[in-house]
Amino acid sequence: MPNSTAHRLASFAEKLLGGQLPVGLRTWDGTRVGPVDAPTVVLRNRRALRRLLYAPGELGLARAYVTGDLDVEGDLADGFRRIWALTRAGELNRVKIGPRDWVEAAKLAAALGVVGLPPKPPAEEARLTGKLHSLLRDKSAIAHHYDLSNAFYQLLMDESMAYSSAYFTAESQSLEQAQHDKLEMICRKLGLRPGMRLLDIGCGWGSLLVHAAKHHGVHAVGITLSAEQLQHIRGRLAQHDLEDRVEVRRQDYRELPDAPFDAVASIEMGEHVGEVNYPTYTATLHKMVKPGGRVLIQQMSRGNVAPGGGAFIERYIAPDMTMRPVGRTVDHLETAGLEVRDVHAMREHYVWTVRAWADTLEENWADVVALIGETGARVWRLYLVGGALAFEENRMGVDQILSVRPHADGTSGLPATREWL
């Protein structure tokens, strides 16, 4: 059917791409084009195209998908792989839309009845105000993601409530055991011993606080900007009888008093700090640890392209997020006066971690929808599938970086060997 809606759209897209579509396309009139062995993008209504017309690219696609105006039949991850294969080959980067193309697109949109007022963005999009990375705006950014629903995060994660990359000694290992092994590795790297004082900056739902206090006998302080996390942690501390050894506060890292600790950890929190404020963050890490004390951060990284993660991540998941190349993070730590002793790449471990979360999401889909709604559930499906693929294809990484605050004479007190592995 050369004049069908699907055919006309595919012909225009293939003209821009200079080649065939990598996925199938089905439109609201029931017609389909494209490879039969590929996932099929389904445009359920004209509003899907209207979203793309007003927000071309990733943001428009995300809006169409999370609202259900656009769907995917088949393996969503396979569809992403095919698109990213074009990107790696440079095909998408060569697409240049000129004046004639815009005229043709406008005529096609009019012929298909797509022209109209811009659809309202989904309510799940973040709408922050105020100065970037001010105290108030950072609280709003954290609340957008982490205050979603404790019940949802308890459903998604394992019992430890560790919302960061696990460490798998075998790919077949359970997520629960891999998270335990990650927490134990952090404690070993920090050299924790009974009676030591640990500070956890951005403590999440308290996974490291509880593990370090229970298994290593430390006294710990954790800070978070999330009201939901604070409530959950206090319940966990009472459950494990740790209220006398662990303190948790709703506090910004910039509000910490000058009271050095024996060790400091910050697990996947530095991504929220922002490039301008990162020197303040690393200076805080240095200030809060005693001379000879160890600092461990676990942090995601990526190159200079879309350092925030892209339009979808920044609007729906982690507004104001910044990820930098790992070398730049190391530079920041050294500039703050910390000596970097170890950089441990864990990229593949995040693939297995996110896939485990994605499997849990799908297995409990009805419960997830009941907790955060159909649109919210679709946001998380898109996030987890795309995130796992980004780590798989080395578009994102994650690293544990161990550093120490040297003594005045330059000594560190750390052994030259990796005694924690």
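Predicted model: local features only at pLDDT ≥ 70, side-chain atom pairs only at ≥ 80, totals over all residues.
## Overall form

The chain is built from 15 helices and eleven strands. Its radius of gyration is 24 Å, which agrees with the value near 22 Å that a compact globule of 421 residues would have. Taken along the principal axes, the C-alpha atoms fill a box of roughly 75 × 45 × 40 Å.

Among contacts with a separation of 6 or more, 71% are accounted for by residues 24 or more positions apart. Of the 421 residues, 53% count as buried, while the accessible surface of the chain comes to about 18600 Å², with 53% of that area belonging to carbon and sulfur atoms.

## Charged side chains

The chain carries 49 positive and 52 negative side chains, and the centres of these two sets lie 6 Å apart. A search of the whole structure finds 21 salt bridges, and a network of such bridges links Arg44, Asp71 and Arg378.

## A salt bridge within one helix

Arginine 82 and aspartate 78 meet through their side chains in a salt bridge, with an N to O distance of 3.3 Å. Both residues belong to helix α4 (residues 76-89), and because they are four residues apart there, about one helical turn separates them.

Arginine 47 forms a salt bridge with aspartate 69, in which the closest N and O atoms are 2.8 Å apart. This pair links distant parts of the chain, since arginine 47 sits in helix α2 (residues 46-54) and aspartate 69 in the loop between α3 (58-67) and β4 (70-73), 22 residues apart. Arginine 47 is partly exposed, with a relative accessible area of 38%, whereas aspartate 69 counts as buried at 2% relative accessibility.

A further salt bridge joins the side chains of arginine 137 and aspartate 320, at 2.7 Å from N to O. Here too the pair links distant parts of the chain: arginine 137 lies in helix α6 (residues 135-146), and aspartate 320 lies in the loop between α12 (311-317) and α13 (326-335), 183 residues apart. Arginine 137 is buried, with a relative accessible area of 15%, and aspartate 320 is also buried, with a relative accessible area of 16%.

How values were computed:
Residues numbered from 1 in each chain as written. Heavy atoms only, no water. Helix = DSSP H or I, 4+ residues; strand = E, 2+ residues; numbered from the N terminus. Rg over C-alpha atoms; globule rule 2.2 N^0.38 Å. Buried < 20%, exposed > 50% of the residue type's maximum accessible area, 1.4 Å probe, protein only. Contact = heavy atoms within 4.5 Å. Areas by Shrake-Rupley, 256 points an atom, 1.4 Å probe, with all protein chains shown as cover. Lys, Arg positive; Asp, Glu negative; His and termini not counted. Charge placed at Lys NZ, Arg CZ, Asp CG, Glu CD. Salt bridge = Lys/Arg side-chain N within 4 Å of Asp/Glu carboxyl O.
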